Amino acid sequence: WPALAGDVEAILALKRSRNAVVLAHNYQAPEIFHTVADIVGDSLALAREAAKVDADVIVLAGVHFMAETAKLLNPGKTVLIPDLRAGCSLADSITAADVRGLRAKYPGVPIVTYVNTSAAVKAESDICCTSGNAVEVVRSLNAPRVLMIPDEFLARNVQALVPEVEILTWAGHCEVHERFTPADIREVRDSYPGITVIAHPECPPDVVAESDFSGSTAMMMNFVTERRPAQVVLVTECSMADNIAAANPDIEFVKPCNLCPHMKRITLRNIRHALETLTQEVTVEPELADRARLAVERMLAVRP
Ligand code: 13P
Ligand code: SF4
């Protein structure tokens, strides 16, 4: 990316002078993922790694809830997000008051909250989960009934794998994954007989049912690099395939994929600006942070 080399050089120098690290989600564009990121991963890996960061500044190349989670787990650090508008349709689908309403309606039912939520929502929850550990988190509760919020499709996909537990949910959806349909999968299979289809569990259950494998973004990448299918479609955000295509020239990555407009708000230019100005800082009010941290730490204590 010759046109971007100036920004990359500047970011590398700023990381040294600011004692900063860049954590990047797997949906970040290749020119970020392969150049300035110190740590890349799925939401679970980024949470685990954020807790261990020893640098003074964490730049979260991802969306707002990821930056909040990093702040919860490492409150002494300065956590920056290059664009405060990088949100998430799932995080926007539920409020703390909604969770209190569910608690009142279903007394005694544990509340498992997807990390794609605000710290205020996490603070009202019993435990968090990611797409990489949701099944294990539900099983760890040993409860006959759980609430899994706010992603309806993740909850229904987990329900198919944990039939012994009744899973109640919420009507939140990921705006990127809800758009895939079983017809998309059938079209791809017709055009590429024998293709491997891998879908993120935020996809509707009828899409996951037509797929060969479903898992978090890191699990999808591991599946591809270990099994090495000749042709594969990653039913998720487009940067996933872009980020692993160059290192795997023997694998053909087929469309469809969708872009996440929130993830794509992060650019080399605004990462550079964040480090130059030490903005935009993400903070969480301490009392709320203590309650939210408990739910995240309970999740991290469950083996994925
Ligand atoms: P994972 O990386 O945890 O699979 O999450 C996907 C996602 O949509 C994050 O916003
Ligand atoms: Fe949220 Fe979906 Fe974008 Fe992930 S891909 S940040 S779940 S809107």
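**Close-up views of a predicted model**

**View 1. The surroundings of ligand 2.** Here 13 residues surround ligand 2, and the closest are Val 63, Cys 88, Cys 174, Val 176 and Cys 260. Keep in mind as you explore that this is a predicted model.

**View 2. The surroundings of ligand 1.** Now turn to ligand 1, which has 14 residues around it. The closest of them are Asp 42, Ser 43, Ser 131, Ser 216 and Thr 217. This shell divides into 8 polar, 4 nonpolar and 2 charged residues.

View 3. Look at the link between Lys 255 and Pro 256: it is a cis peptide bond, with omega about 20°. You will find Pro 256 in the loop that runs between strand E12 (252-254) and helix H13 (268-277).

**View 4. The loop between H13 and H14.** Two details share this view. Leu 278, in the loop between H13 and H14, has a positive phi, near 55°, although Leu 278 is not a glycine. Leu 278 counts as partly exposed because 15 C-beta neighbours lie inside 10 Å.

**View 5. Asn 19 and its positive phi.** Asn 19 sits in the loop between helix H1 (5-18) and strand E1 (20-25). Its phi is near 50°, a positive value in a residue other than glycine. Is Asn 19 buried or exposed? Asn 19 is exposed, since 11 other C-beta atoms lie within 10 Å, and a residue counts as exposed at 12 or fewer.

Note on methods. Residues numbered from 1 in each chain as written. Chains lettered and ligands numbered in written order. Predicted model: local features only at pLDDT ≥ 70, side-chain atom pairs only at ≥ 80, totals over all residues. Near = placed C-beta within 6 Å. Nonpolar A, V, L, I, M, F, W, Y, C, P; charged D, E, K, R; others polar. Helix = DSSP H or I, 4+ residues; strand = E, 2+ residues; numbered from the N terminus. Buried ≥ 20, exposed ≤ 12 C-beta atoms within 10 Å, placed from the backbone.
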